[in-house]
Amino acid sequence: MESGGGARRGRMVIDPKVRQVGFVTPGEQDGPAGVSSSSAQVNAPDSPAPVMIPPAPRVAVPAAADHSPPKPAAPVPIPPRSPPLPPRNFDAEDEMPLGSYNPGGEGVLAGSPNSSYGKASSEKAEIGDLSPTMVAELNSSMMEMSLERSKYELPVPEKENESTADVISERVEVPAINNNEGPENDARQRKLKDRTSKAERRALQESQRAAKEAARASAAVAKAKPPPQKKDGSNEKKGVDKKPVDKSGEKDKKKEVVVPEKDKRKDAPAPRLQFDDEQKVAKARRRAIVEQTTETKHRVELFRHLPQFVPPTQLQALEEKYLQNDTMHIHPAVYQVGLKYLTWDIVGGNARCVAMLEAFKEMIRDYTTPPQKVMSRDLTAKINSHVSFLSTCRPLSISMGNAIRSFKLKIGKLRDTLTEAEAKSSLVSHLETFAQEKIILADKEIVKHAVTKIIDGDVVLTHGFSCVVEMVLSHAHSIGKKFRVVVVDSRPRLEGRILLRSLLAQGLKCTYTHINAVTYIMQEVTKVFLGAASILANGTVYSRVGTAAAAMVAHGYRVPVMICCETYKFHERVQLDSICSNELGDPDALVGVAGRKEFRELVGWDESEHLRLLNLTYDATPADYVSMIITEHGMVPPTSVPVILREYRKEPIL
Amino acid sequence: MEEEEQVIGDFNRWRQRPELAEAVAAIKALTAVIQRSQASTMMGLEIELKNASEMLKAWDRSSISLSAGCDLFMRYVTRTSALEYEDINAGKSRLIERGERFGDISLKARETIALLGQDFVQDGCCILVHGSSRVVLALLKLAANNGKNFTVIVTEGGPKKTGMEVSKKLSAAGIPVTVIVDSAVAYTMDRVDMVLVGADGVVESGGIINVIGTFQVALIAHSMKRPFYVAAESFKFARLYPLDQQDLSISTGQEESSNPARDYTPPHYLTLLFTDLGVLTPSAVSDELIQLYL
């Protein structure tokens with residue numbers, strides 16, 4: 001009977017028409033917000049709705065605080081949220097005078113929950129509605145404490161679509177949050193565990209999430225004291241590596257809750273690091289080489305689960321860190337490539353992947369196995385740290401992720417009998433072959449197939465700058481086909497201009513327009529060629545933002561849409577929208593318009609409470625809009641992507 | 001040259017059997033090429049096969065099933081570990097075995113399809129048939145022999161009036177037939193329960209190439225929500241991917257766009273394909289092709 005399982009069941013059982021507002025307990029007839037408790041009773045008593053908590057002798061938080069509009073645009077219907085009020089902080093605040101990490105303070109809570117309620121809640125009632133900005137003023141020591149505490153709370157299932165900041169405003173019963181190891185604490189915990197129900201633990205979890213949220217809102221430094229019990233296991237990579245949930249199983253309670261979710265998670269591929277999970281972020285941050293500032297003030301709530309944009313001012317910090325820190329050992333070639341990513345000097349899936357593979361080749365060539373270490377393991381660790389460096393410069397692209405995966409598999413397969421030199425040369429040749437076969441030769445094949453689809457008199461539209469599409473158009477022109485090109489561009493990156501320059505230099509007739517005119521220009525267009533960052537298992541095309549719009553308009557005008565993409569970029573995951581996974585770019589890039597100094601309306605946007613700028617990098621085009629995908633294996637319909645993944649990845653790539 | 005004559009001779013001999021599909025005749029002829037081959041290496045044998053295949057394809061450039069059948073035969077036969085055999089004779093016999101097996105499958109394809117497809121014919125249903133396909137005829141005859149009561153409406157199929165032949169054959173099998181003009185398809189679609197056509201070729205997207213008028217019937221069936229079934233053997237799967245009708249004429253070399261003989265029906269309008277590999281959805285066609293051309 002774990003609250004994790006119960007919460008999941010409970011969530012599925014919730015009838016959206018009878019949403020619970022506020023908190024209801026199974027027995028209670030009138031909840032604080034006067035909601036119908038009948039729905040609460042519909043759920044079996046042992047699988048209550050997630051927000052059920054027992055009543056407690058306390059000063060009720062003003063009912064107004066409980067009502068809140070359901071979270072907009074949440075992919076999964078979730079219980080209604082109140083404005084982010086983190087009650088945990090109140091406790092923390094109470095404890096602050098006692099010291100940032102003080103078992104005594106904890107003891108107050110851990111000892112007898114009900115009594116602590118009385119004490120804390122009165123203060124809480126005074127504090128009332130704490131707005132996020134006020135919360136942001138709480139200092140880092142408090143955050144540390146929350147982090148300490150948080151590691152004992154229920155794990156945040158990464159698969160949940162719920163946002164973590166919203167929290168239950170009611171006081172929640174505190175199960176044993178005890179920093180002390182020790183048998184008597186364990187016993188006490190277990191006792192407390194019995195007293196709290198799944199729902200209560202769930203409610204607590206959510207409140208603690210809010211606490212972490214609030215704590216995160218404060219200063220950027222996330223140097224929480226490494227909790228003594230936390231086992232620093234293998235490196236945790238952000239984004240790319242599919243790792244199971246943090247396995248620092250210290251407490252039974254946590255373990256109990258973790259187990260069913262872990263089991264379930266073992267079947268599903270491990271999700272990426274969700275950035276609203278403070279625990280994981282803090283852990284990753286400790287390992288990160290570059291400081292990450294999360295400017296939560298300017299954060300768009302809908303995208304808070306994604307890594308926030310890292311401005312190139314990090315350059316400074318990077319240099320210092322790199323030069324000063326001895327344990328870094330980032331190979332200079334990789335460092336250079338990372339800098340190029342950071343400044344967006346190298347863009348595009350293929351370019352980034354090739355640059356990374358080149359850098360890794362250098363790294364392997366200069367690598368020597370330290371004494372007493374196994375080459376494959378040490379090398380894997382080194383690769384991990386380099387990859388984590390690269391991903392802090394800029395989140396990894398899917399093409400890079402696949403290349404890394406294949407490379408690590410190759411490392412893992414190295415036979416022990418090889419000498420170091422042989423192993424190194426085999427790895428270097430693997431990297432070379434990968435780049436040659438999967439990218440360069442694949443591009444040639446794609447061009448060969450694609451030019452058969454361009455006929456004289458065609459008007460070909462493309463969006464942004466895809467290197468493969470450029471190759472296709474160049475080759476078609478060079479073999480004498482008579483056609484003209486429409487280049488559709490979009491702010492803020494205006495990558496289409498690079499393509500335009502290149503095509504004009506070759507003598508192609510081009511039309512240049514921005515995305516706002518795509519519906520107009522589409523009347524003249526006969527074919528659309530687009531590139532992709534990746535194609536997902538359900539045929540969804542993950543590409544530069546604006547691609548989906550162009551494809552949709554083309555579909556509306558019954559113009560065929562051809563996606564040119566190498567198979568190494570295909571990915572097994574499925575994405576239904578552009579929100580759950582994306583990359584956030586620099587919001588300040590939207591402020592100015594190049595060459596038009598008079599557009600100053602958005603200057604000073606960060607001072608406004610109500611304005612947020614969102615600069616997305618990618619979007620997802622549904623498979624319905626795609627007529628065909630041109631790969632090195634030929635032209636396939638979008639429904640055949642899983643077939644290619646199945647047939648050509650029977651063994652791991654290469 | 002002698003070899004060429006032999007291949008064509010074989011081909012024509014097989015084609016004399018009217019029930020045989022062209023592609024099957026070609027496959028049989030190609031299998032005979034392997035048997036006759038004097039090559040001393042596998043590569044040499046492959047080259048001979050390739051030349052023979054080209055010759056057969058040249059015999060009728062506009063036949064998609066012929067070229068698809070030849071290509072598939074080449075793939076099927078050469079895609080075997082026999083090529084690694086050092087002993088040419090062992091390799092040859094393996095290839096012959098595969099070739100014969102492919103020939104048998106193709107020959108029996110029609111029966112397999114009839115068996116699978118006749119399940120979809122229900123008592124009292126009304127089927128619209130367009131074009132003259134021997135597979136469709138076999139399917140309907142089998143259904144009638146199994147005691148199902150149904151009626152068939154056949155389009156005239158002008159200007160060659162091929163529909164009349166079809167209706168004669170169906171009547172001979174004891175099936176009640178009505179012939180309608182091509183323009184009356186929309187008018188009749190209300191009364192129809194399902195549409196059944198054959199195919200000249202099945203393309204990579206899952207769409208079909210068939211006699212002119214098929215696309216029209218498919219559009220009407222789709223808009224009036226009637227299932228549209230295609231009966232096609234697997235050797236008709238071609239590695240073509242037309243985007244539209246114009247693209248089709250380019251890839252098959254069809255010159256007459258003012259009086260086309262064939263049209264392309266996109267997969268969106270097809271419900272299911274009855275093939276000897278099973279009853280497939282249009283997306284599965286690409287799956288099969290990828291597996292074969294791996």
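**Helix pair**

Guide: H14(A) and H16(A) cross in a right-handed way, meaning the near helix is turned clockwise from the far one by less than a right angle. Helices here are DSSP runs (H or I, at least four residues), numbered from the N terminus, and strands are E runs of at least two. This is a predicted model: local features need pLDDT of at least 70 and side-chain atom pairs 80 or more, while totals for chains, interfaces and linings use all residues. Residues count from 1 along each chain, chains are lettered from A and ligands numbered from 1 as written, and side-chain values use heavy atoms without hydrogens and water.

Visitor: What angle do H14(A) and H16(A) pack at?

Guide: About 30 degrees, with the axes 8 Å apart. Axes are lines fitted to C-alpha atoms over the stretch in contact, and angles run from 0 to 180 degrees between N-to-C directions.

Visitor: Which residues make the contact?

Guide: Among them are Met356(A) and Phe360(A) of H14(A), and Ala403(A) and Phe407(A) of H16(A). Contact means heavy atoms within 4.5 Å.

Visitor: Switching topic. What volume does the second largest pocket have?

Guide: About 1,400 Å³. A pocket is an open set of points on a 1 Å grid over the protein atoms alone, where a 1.4 Å probe fits, with protein on both sides within 12 Å along at least five of seven lines; lining residues have an atom within 4 Å of a point. The volume is the space filled by probe spheres set on the points, which are joined across faces, edges and corners.

Visitor: Which residues are closest to its centre?

Guide: Ser132(B), Asp200(B), Asn210(B), Val211(B) and Ala261(B), of 47 lining residues.

Visitor: And which element gives the largest share of the lining?

Guide: H7(B), with four residues.
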